Amino acid sequence: FSENDLRVTGLIANLAAVKIENVRLLEEQLEKKRMQEELRLGAKIQRNLLPRADPRLAGYEICGESRTCFEIGGDYYDFISKRDGKLAVVIADISGKGVGAALLMSGLHSSLRALIHTAAEPAVLVAQLNQVMIENSPANKFATLFYAELDPATHEIEYVNGGHNPALLAVDGEVSELGSTGPIVGLIEEAVYASRRVALAPGSVVLLYTDGISEPEDEAGEEFGSEGLAEILRREPALPGRRLFAVIRERVEEYQASGEQHDDSTLVVVRRLE
């Protein structure tokens, strides 16, 4: 073979390599487009699992909102009207992010709605949810959960806190925490849960949140924490729910050093009107 033969062969090889690379890039682009479409559909399905409207309950303002870190996430909140006239209010945070957390979130949603009308007490319901998650989830997947039943006749809530961030109860400028009454859901097979009751005086507010709200850090590495939320409740005790959400998110964004959302974040407020 001559030098010209080698040169021509090299040119042909280069052209073939470019063509092969173009085909590979096109295949990757089509696959990426397909995955984006799947995520878009998954996000739409997940949004439909969350409440489409705030519940209407005489004498109360109740609302919630959730924002995901990625297209889909693992935060969950819900409002469920029970046959006995009570309103169930729930917020949960699945471990992890993305598709895996979203699948477990949908499973928790289905299980809760299937069990809620059969369990006699909130503590029994959460224990049943714990068993379902242990039987149907990987060992390293679990959820923190705050479940409460609001009785509009007695103006009391009975709640179970399964390892979730403590809910905040604000009354007349004083803020207290509704702490844990049992372990994380889906972690311990023989877990025992207890319930507690709290009376809601006129004007009192219960704020539920996930760690995407409380864990952002400032430049010194200090978390916003429940105290940051409590301070907002002390300063703005009469803010309507949606306005309260906006103030909280603005304050968190100002506080965190990175300025970026790194976790799913969810807020729920229950306010007894004056």
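## The nonpolar cores

In this predicted model, the largest nonpolar core has 49 residues, and Leu145, Tyr147, Leu178 and Val206 touch the most other members. A nonpolar core is a set of buried Ala, Val, Leu, Ile, Met, Phe, Trp, Tyr and Cys residues joined through side-chain atoms within 4.5 Å; buried means under 20% relative accessible area (1.4 Å probe, protein chains only). Strand E3 gives this core its largest share, seven residues. A second, separate core of 22 residues includes Cys63, Ala230, Leu233 and Phe245.

Leaving aside neighbours within four places in sequence, Leu145 is in contact (heavy atoms within 4.5 Å) with several residues, among them Val90, Leu108, Val126 and Val185. In soluble globular proteins, nonpolar side chains tend to be buried together.

## Helix H3

Helices (H or I, at least four residues) and strands (E, at least two) are DSSP runs, numbered from the N terminus. Helix H3 covers residues 122-136 and reaches 21 Å from its first C-alpha to its last. Its buried residues are Pro122, Ala123, Leu125, Val126, Leu129, Asn130 and Met133. They lie on the same side of H3, because they cover an arc of only 160° around the axis, taken from the directions from the helix axis to the C-beta atoms. These buried residues pack against H2, strand E4 (143-151) and strand E5 (156-162).

## Ser95

Ser95 sits in the loop between strand E3 (87-94) and H2. Ser95 is buried, at a relative accessible area of 13%.

## Basis of the values

Residues are numbered from 1 along each chain as its sequence is written. Local features need pLDDT of at least 70, side-chain atom pairs count only at pLDDT 80 or more, and totals for chains, interfaces and linings use all residues, while side-chain values use heavy atoms, with hydrogens and water left out.

Technical notes:
Buried < 20%, exposed > 50% of the residue type's maximum accessible area, 1.4 Å probe, protein only. Expected span 1.5 Å × (residues − 1).
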